[in-house]
Each structure stands twice: as C-alpha cells, then as structure tokens.
Amino acid sequence: MTTNALSDLATKTATELGLPDLRMVSVAHPIGGVDPDEIRRRADNVVDEVLALLTGGRTLEGSAR
Amino acid sequence: MTVDTVSEDLLQVDGSDLVEALAEHGWGDGLPMVAPTPTRVEAMLTGSPGTDPDEVVAVLPPRFGEATRRILAVNAVMAGCRPEHLPVLITAVRALAHPEVNLRGVNATTHNVAPLVVVHGEVARSAGYHGGRGALGPGNRANATTGRALRLVLLHVAGATPGDGDASTQGGPAKYGLCFAENADASPWPIYPSAVGVDAPSAVTVHCGEAPHNVHDMESDDPIRILDKVASAMATTAQNNACISQGEHFVLLCPEHAATCAVAGWSRRDVSSYLFQKARLPATELKRAFGLRAWAPWMDQLANDELVPMTEHPDNIRIMVVGGPGKHSSVVPSWGMTRSVTLPIHELGD
C-alpha cells in the first residue's frame, strides 16, 4: 500500500530491491490527519483492487503502479 | 554512478559547463562541481593509501548503490575535497551503512533529516577540520567539502534524489552538508568517542537529525540556568523525539557553557543526567499532541499529571563541545528512528 504522492518512491524502492512488478495499491494522499470515516471510504474503494492483486498475481494494469 | 558512466567528454568540462553537463544526467546538488577526471580521482585515492580502491565499503539504500573507495573518491573530487579528507568521507559512509542508522528511512522519510558528521581526534587537526568559531557554518574547506561530498554520495550512490528517493516535505539546509570537528582543545571533558566506547586516535560520528536549534544564555554563571535553557530547546512537541522515545539529542555545548558546567564540577554524564531529568513535558500534553507514540512501555504508563522525559535514557543525550567564543550552544534532535554511530578511522595508512 502506498499513497499517490509517494508511489514514485515506493516503485523505485521496489525496483531496486529486485521487485519491479511488486503488486501495489495506491490511495489518495495524505492519510495522516484525515477523518477516520474518510480513511474507511478510501479503504473501501480499493478493496476490489487489493483482492484482484491477491488472487490474480498482478496489478489491474499488469504491472506495479 | 560509476566511473565508467562518466564519459571522457564529460571529464573534459569543468566549472559551470560541468554543472550543466551533470544536471543532464540528474547528478549534482545544484552547485558548481569539480570534474572528476581520472587524474584527479587517482590523486584523491592517495588519501587512503594501501587500500583496495574497488572494494565495496558500503551498500547504500534506497537505491542500494555500491560505494567503493573509487566511487567515493569521484564524489570527493566533485565536492572539492582534498585527499586527506577521503578517509573521513569513507568512514562516514561506513557509519551510515550501519543498520541502526536506518539509512533507508533517513533518506526516504518526509522529515528534513540529514546526516551530521563530527570529526574527532588527530585527523581533525591534520586534515584541517574546524571545531572553533563558526564551525557549523561556512568558511572552512574540510568541513564544507566533506559534508557536501557525503550528500553527493547519498544523491549519486544511495539514490536519495528528491522525489523518487528522498520524500522530504521541505528538505533542509543540512541536506547540502553538515560537517565539523569536535573542539577537543576547548572541551573540559575527554574526547567524545571515549564516551561511547571508541578508543582511537581519530574517529567520525554520524547523527541523523534536524538542523541545529540555538540555545542562548549570555548571563549565567552556574550550570543550572544554562542547562535549563538547553532542556527547553529539547522539550518541544514539534519534533520526532517527542513521540519516539529511542531518539537521541545531540547537545553541542559552546566552550564557555561547557566551562561553566565543568568549573562547577559537572562531568559529561552529570550534564546528560540533568537534561534527562529536566527536558520533560507533562504526559497529558504529549498525549494530546500525539495519538501515535513509540514510547518505552514505562513512559506510556505515566499518569497524566506526571512529566515524561523527551527520551527514554540519559545515554541518548549526547554531549560534545563545538564552537568558539560566545555563549550560544545548539541542540540537534534526531529523526527518531535512527541511532548515531561513532567509528574509528582505519583509512589513514598508518
């Protein structure tokens, strides 16, 4: 999991660790200081994507993003 | 960056042209650099005689770049170092690679953390490092270029480029470089490495922290009033050490403040113990400020009307003497999830 503002950093780190296709899901930045209900909404919005990654082995686009 | 990737054409340019040429590769810190010609790099390597220039001395995250002595020499040339500065740079890089530093976190965090490099002992004198008046500022080549070379290594080898390798929200001036000598001649206490179990003629300390916070006391003739002000600078909710109890505070006492403490019979340990006792905030204030806390368990059990120390142990308050005449000291809080490292220098060929 990452946020969209830090996804470049996450992707680069994964790539340098030899995992260029690491399955990642990005949520809207920031998550600090955000109302818990809004956090739950953001989590709900990516549940399908997380399930697809866990069961399909790839991101919805076929690579890390 | 490897030497092989620096084309011969690139090595023929210098000055402002080199800045432009390197910027095209995404290299450099934005300031003019010296071209790392093979002749200059070989000359730089004479600063670490009898060693293998192609030995990997550290692997640096987040890019996990391999730092050989030659690669470090390339960056030292670019920063403007002299060969006698190379052993300090190599040792600082070795220190940053220690796992307790958590360099991946240091480089990747949104915090403005940057390595502070302190040079101790004989090499400080022989290689021209400055620990006296204005030591944390400009004007000394050894300080300025070694600090800068370390940043170039973090940019080029570690891949700590702002954006995809360094997520710092605002960055900070210390990210250009912060290196100075301990002012052992003006210190009333044994040299700092001896306080952390390092017995060597020359040593380097790295501490990943914020930019220095000033402590001003022009009038006190006793340790209490001076150190209460130091404690005030330490006890703020606006720093990571307030919510992470393993964090270190480096307290850079000026010679006059240190002398006032020593004349009163206070040892370095007395100073850190007093600051541990006095640099505290009410539990209720800290709990109101932070919903997420990484405190030692005993700290979390303190009642709301009790005072909580800003770090979990007096040993986390690191005391050393830096600076010249005048009565200004500094506190450098850490990033929090990092530990300082002091290493002997074994690169001097002696």
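These entries go from the chain contact to the helices and then to the sheet.

I noted first that this is a predicted model, where local features need pLDDT of at least 70, side-chain atom pairs count only at pLDDT 80 or more, and totals for chains, interfaces and linings use all residues. Residues are numbered from 1 along each chain as its sequence is written, while chains are lettered from A and ligands numbered from 1 in the order in which they are written.

**Chain contact.** I got 8 residues from chain B and 6 residues from chain A, with contact meaning C-beta atoms, placed from the backbone, within 7 Å. The chain B side holds 4 nonpolar, 2 polar and 2 charged residues (Ala, Val, Leu, Ile, Met, Phe, Trp, Tyr, Cys and Pro are nonpolar; Asp, Glu, Lys and Arg charged; the others, Gly among them, polar).

**Helix pair.** I looked up helix 4 (residues 69–79) and helix 8 (residues 141–156) of chain B: their axes are 8 Å apart, at an angle of about 125°. Helices here are DSSP runs of H or I, at least four residues, and strands are runs of E, at least two, numbered from the N terminus. Axes are lines fitted to C-alpha atoms, for helices over the stretch in contact, with angles from 0 to 180 degrees between N-to-C directions. Among the residues making the contact are B:Leu72 and B:Met78 of helix 4 of chain B and B:Leu152 of helix 8 of chain B.

**Sheet.** I found an open sheet of 4 strands in chain B, order 4-3-5-12, with mixed pairing; pairing takes at least two DSSP bridges. Strand 4 (179–181) and strand 12 (341–344) of chain B are the edges, and the twist averages 20° from one strand to the next. Strand 3 and strand 5 of chain B run antiparallel, joined by 8 bridges; B:Val118 stands opposite B:Thr205.

Conventions. Two residues are in contact if their C-beta atoms, placed from the backbone, lie within 7 Å.
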